[in-house]
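Visitor: I have a protein open on my screen and I'm new to this. Can you walk me through it?

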Amino acid sequence: MHDTIALLHERLLHIAMSNPSVPLSRVLTEILRHPLALLRGWNWKAASFSAILRSFFFLFSNLHGAHHAAAKAMLTEFVYGTFAAGVAGAVIQRLRHAEPIRETAIAVWLGVPLVLLTAQASVHRVMGTQHVRTGLIASFIFASFASGFNWFAMRRGAFVIGEQRSFARDLLLAPKLIAQFLFTPLQRE
């Protein structure tokens with residue numbers, strides 16, 4: 001099992017190193033010119049994991065109110081979170097080879113979560129969620145770290161949609177990727 005993980009990791013590093021960099025401005029321009037293309041690249045891997053966790057932020061932040069309100073907040077977040085995390089995953093996948101790396105990191109760690117937060121606040125306002133602030137703060141922090149991790153993993157070929165890589169393989173590599181993410185300083189790979 002360890003040899004399989006090591007072999008997969010080596011292949012991921014080769015993939016990450018062999019992909020040419022692309023200017024960040026070009027990627028962002030393409031995203032702004034063709035935002036609907038993000039729906040075709042909707043990242044179900046990012047969406048699945050994110051939506052479950054984010055919905056619990058809103059459930060717990062609304063538990064001190066009526067249980068019906070907490071359930072409604074959780075359902076609202078689950079539906080919104082599934083859609084938003086998939087779109088965010090598509091954006092991050094497009095940004096995975098963007099350079100310069102530090103500016104791309106700012107776009108990934110702050111820009112993507114801020115856009116999500118703005119839309120998320122609007123959705124909850126429309127749905128009448130009572131206690132939004134705590135859920136939004138927790139969700140923003142989670143979205144920042146999730147975006148950073150997804151970017152880190154995608155730069156190494158994991159959690160990428162449309163390239164014939166299995167989700168099972170991504171999950172097998174996840175513990176190693178998480179450890180590297182937590183203990184590797186931001187650097188040019």
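Guide: Start with Phe-83, which is found in helix α5 (residues 67-95). Helices (H or I, at least four residues) and strands (E, at least two) are DSSP runs, numbered from the N terminus. This is a predicted model: local features need pLDDT of at least 70, side-chain atom pairs count only at pLDDT 80 or more, and totals for chains, interfaces and linings use all residues. Residues are numbered from 1 along each chain as its sequence is written, and side-chain values use heavy atoms, with hydrogens and water left out.

Visitor: Is Phe-83 buried, exposed or partly exposed?

Guide: Phe-83 is partly exposed, because its relative accessible area is 46%. Buried means under 20%, exposed means over 50%, and partly exposed is in between (1.4 Å probe, protein chains only).

Visitor: Which residues make a nonpolar surface patch with Phe-83?

Guide: Leu-36 and Leu-39 do, and the patch covers about 330 Å². Patches are made of residues with over 30% relative accessible area and no salt bridge. Nonpolar side chains (Val, Leu, Ile, Met, Phe, Trp, Tyr) are joined within 5 Å, and like charges within 9 Å.

Visitor: Zoom out. How many helices and strands does the protein chain have?

Guide: The protein chain has eight helices and two strands. Along the sequence the pattern reads α-β-α-α-α-α-β-α-α-α.

Visitor: How much of the protein chain is buried?

Guide: Buried residues make up 47% of the 189 residues. The protein chain exposes about 10300 Å², and carbon and sulfur atoms supply 69% of that. Accessible areas come from the Shrake-Rupley method with a 1.4 Å probe; for residues, only the protein chains shown count as cover.

Visitor: New topic. How many salt bridges are there in the whole structure?

Guide: A search finds two. A salt bridge is a side-chain nitrogen of Lys or Arg within 4 Å of a carboxyl oxygen of Asp or Glu. One joins Lys-45 and Asp-170, at 2.7 Å from N to O. This pair links distant parts of the chain: Lys-45 is in helix α4 (residues 44-61), Asp-170 is in helix α8, and they are 125 residues apart.

Visitor: And what does Arg-169 form a salt bridge with?

Guide: Asp-170 again, with the closest N and O atoms 2.8 Å apart. Shared partners join Lys-45, Arg-169 and Asp-170 into one network.

Visitor: Why does Asp-170 count as buried?

Guide: Because its relative accessible area is 0%. Lys-45 is buried too, at 4%, and Arg-169 is buried at 14%.

Visitor: What does Asp-170 touch?

Guide: Not counting residues up to four places away in sequence, Asp-170 touches Lys-45, Ala-158, Phe-159 and Val-160. A contact means heavy atoms within 4.5 Å.

Visitor: Last one. What lines the second largest pocket?

Guide: The second largest pocket holds about 370 Å³ of space. Of its 17 lining residues, the closest to the centre are Leu-38, Val-87, Val-91, Val-112 and Val-115. Helix α5 gives the largest share of the lining, seven residues. On a 1 Å grid over the protein atoms alone, a pocket is an open set of points where a 1.4 Å probe fits, with protein on both sides within 12 Å along at least five of seven lines. Lining residues have an atom within 4 Å of a point. Grid points are joined across faces, edges and corners, and a volume is the space filled by probe spheres set on the points.
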